Amino acid sequence: MKKILVVALICLSTLAQAQLTSKEEVTPELVQKREEQKKEITKSYLALKNSLILSDSLVAVKSAVALTNSLKNFKFKKLTLEQMNIATISRKEIIELANQIAATKNINKQRKIFETLSVKYWDQASKFKATDQTLYLQVCPMTGAVWTSDSKEIKNPYYPKNMLTCGEVKATL
């Protein structure tokens, strides 16, 4: 009987502590910090995309490293267990792809990897974008390759020399 009572008290104290912790997580400072993390993730992704538009493989490496670092520090919130699992797996895949981009200086290989990274990024973009940002899913109709942009203006990161303005907006967040 004493063991049951002790276990019950431990469970109650754990539950009370969890409620206090969750109340602490909603402070304005923490909300602002989370928004800054989201902006950093988006900024890093867009810098990577822009480096491919400029065909600058060295900046692409730096941007891919920045994307990896910003994603590693991000914690998902307000998701069901299933959504959390999917988001966590997707984040790991994006990090792996960003690491692959960072590991090569070949711009064509970087663009090929970026195709896959962009699909996975868009799938999670609603969780990564800051509340005051609008993002656009753009697609190259010739290849079906997609990318995310913060502008409706088309700048194709896959074929910037031949088809810079080839593409269209497919969705908006």
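Of the 173 residues of the protein chain, 38% are buried (under 20% relative accessible area; exposed is over 50%, partly exposed in between, with a 1.4 Å probe and protein chains only). The model is predicted, with local features requiring pLDDT of at least 70 and side-chain atom pairs pLDDT 80 or more, while totals for chains, interfaces and linings use all residues. Residues are numbered from 1 along each chain as its sequence is written, and side-chain values use heavy atoms, leaving out hydrogens and water.

Begin with the whole chain in cartoon view. Five helices and three strands make up its secondary structure, in the order α-α-α-α-α-β-β-β; helices (H or I, at least four residues) and strands (E, at least two) are DSSP runs, numbered from the N terminus.

Turn next to the salt bridges, of which the whole structure holds five. The term denotes a side-chain nitrogen of Lys or Arg within 4 Å of a carboxyl oxygen of Asp or Glu.

Select Glu35 and Lys38 in helix α2 (residues 28-53), where they stand three residues apart, about one turn of the helix. Their side chains form a salt bridge at 3.6 Å, N to O, and both residues are buried.

Proceed to Lys120 and Glu93, whose side chains pair at 3.0 Å, N to O.

Finally, select Lys170 and Glu168, joined by a salt bridge of 3.5 Å, N to O. Lys170 is exposed, its relative accessible area being 54%, whereas Glu168, at 37%, is partly exposed.
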